[in-house]
Amino acid sequence: MSLAAQGLAFAAFIAFFAAASFWPMSANILKQLDNSIYLQEHHRAILQMEGLKSWVSSIRTDSTPYGYLPGVVSGVLALSAASAVIRGRWLFAALAAAFFVVPWGVWGHRLPLSPYALTLLALAAFAFHAPLSKRWIIVGSVLTIIGAPLIFGVVHDVSKGLFPGSAERYLIVNSAQFTVGMEEMVEAKLDQAQQNGSATISRDDRYATQYVAAQMSALNGNALSAAAALSGIDQYADLMNPFDRERIDAIRNYATEAGALGQKQQERVASDITAQTSASYVLILLGVISAVAVPLVNMISASVHRRGRRVSSMVQELEGIAAIPKSPPDTFGTSATRGRPTSMIMGERAITAIAVRLRFYCRWMAVLAGLSALLAAASYWIWVPDPSLNLAFNFISLPNDAIGFANDLKLDVRIDEQAGAISLWWYAFIGLSLALIIIATRKSRTLGLAGTAIFLLLLGLNAIRLPDHSRYQLPVSAFPPAVRASIHQAAISARKSDVGIQFVPEKFELRGTASLNGVTDPPQVSGDAAEMGAPSASYILAQIAYLEDNAADTATSLNRVEFDKSLRPRVHLVKLEAMKEWLSAKGVEVGPTWFSNSSISFARLATKASLGLSIALLLLSSLLGIAIWIAYRRAGRIQTLMEERERLA
């Protein structure tokens, strides 16, 4: 029956994976576009705009990875399979391994987690079942964690060698840098080229231009422009790879659901979505039925096992009684074998049972009290100050492109080597914790489970905790008025939103000229501040005003902070969120921003949840303390009655 339960558990995962794969994604969300414009690098000229920042990445194009929901299900399956290996549930582990070995590329998809999941299963089998001493377990765990990047790199290279695929280099531009109407400028280049009779636009270039314009329109929320950009794009089907085709289909679904392609197409998409949703619900129902059947089968199996043990125990007891020689008849109120009153024997049994119960209560009271203290400390560790107070940070963080500016002015920059980096000691701590968990699990699964829960709790809290300092930082006093003037000059120069874009179709180039409040030429900035981007300069000014409790200047500078790669580190995003939340608490309006308050809101929610759970566990621990006191008093009364009985006897 254990094998049946494992098979049902795997069937439940398969049903959930299929449901996640069939689940229709809302066309209005456009998650497939990843909030970015993708264009093959050899078409770079189409996006030649002054001030536009982009990066290049190699992307596999022969197949598309499964989406977010199938990825989550496969990740949970990998962790469950590792747990099955640890507990010795080999059928489930073997089925999961077979799932990750399936060549998904045959269906045009791929599961990037597969090689890493198989590696995890192999490591779990070796760590928990190989005949290793404690010393080798500790050494192996620490070395595995420290060498994890190397291990993952080797696994990645080996998987690419075994399952090669075609990849192309793509130019990636975040959509936050584009403004409404820019897609029309891109398409205008083709129209001007056709009017001028230019022969410089090839068929490949025409497809790429339409592709870029469609992405821009969709990400800007213009369904009609997206539909117009997609018109006739199917004639370039031979130029599309699976990666581009999936993005084009997502844009087409978006335009169709918005009604830009006509009512009939909209109804057809709606019916397809309904059919996919119905199929997903059926698969989810099958998965839930299989998942519910697993514990029922386990309960029946455990019940049969317990009954078998009871029958065996009774048989052994009867055989032992048959082997004992016959004793004299029992007298009233006494035991025939010991000659002691039955009440004394029952009293001893009651005291023994109470002692077992006391040990159980004490153990769980200590566990609950320890968890309560741990959660209370965690709530303090991840505590987020009140949004109305400017206490989220105490130093000015410098983005990477501002380091040269600070060094040129000979500012005393404080360097924190540990900020934003994972030290060797942190790897060693994780490796040692993993080793202790393995050793504890080999002795007791309960102890190993408790250690794993505490370890995951600490890792989760460390991920939730908001960073308040960066690698390069300065106090507010390090910014005198002259330095602030240079930073302000850099902040107002050549902002992307003030750039007017001009196209030269014949040369297939896009050029830009700065326009600041009607002034064509931007003000000249000093050489010290020229290397620092406008977003970073505005970000520094916003921090200074925040720490000086100047809401108006903070809002002005924060509204100037545009998307920039140097502000992508988490510490900068958190500070931007904190300043925005502080302004909202003070009733100061802030314009639309490219960052959100999700990190701070989640950290504040986690703080309240940790504190509430800590109080609840403390109350449960107190109740167990009362139960211990009651049981102790009862055992004392029984002991007193037994002593009086012995004196009377």
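Q: Before we start, what counts as buried, partly exposed or exposed here?
A: Buried means under 20% relative accessible area, exposed means over 50%, and partly exposed is in between (1.4 Å probe, protein chains only). This is a predicted model, where local features need pLDDT of at least 70, side-chain atom pairs count only at pLDDT 80 or more, and totals for chains, interfaces and linings use all residues. Residues are numbered from 1 along each chain as its sequence is written, and side-chain values use heavy atoms, without hydrogens and water.

Q: OK. Is serine 610 buried or exposed?
A: Serine 610 is buried, at 10% relative accessible area.

Q: Which helix is serine 610 in?
A: Helix H21, residues 598–648. Helices are DSSP runs (H or I, at least four residues), numbered from the N terminus.

Q: And what does serine 610 touch?
A: Leu375, Ser379, Ile382 and Leu461, leaving out residues up to four places away in sequence. Contact means heavy atoms within 4.5 Å.

Q: Switching to the surface. Which residues form the nonpolar patch?
A: Trp23, Tyr68, Leu69, Val72, Val76 and Tyr281, with about 600 Å² of accessible area together. Patch residues have over 30% relative accessible area and no salt bridge; nonpolar side chains (Val, Leu, Ile, Met, Phe, Trp, Tyr) are joined within 5 Å, like charges within 9 Å. A salt bridge is a side-chain nitrogen of Lys or Arg within 4 Å of a carboxyl oxygen of Asp or Glu. Areas are Shrake-Rupley values with a 1.4 Å probe; for residues, only the protein chains shown count as cover.

Q: Which helix gives the most to that patch?
A: Helix H2 (residues 68–87), with 4 residues. Valine 72 is in helix H2 and is partly exposed at 38%.

Technical notes
Helix = DSSP H or I, 4+ residues; strand = E, 2+ residues; numbered from the N terminus.
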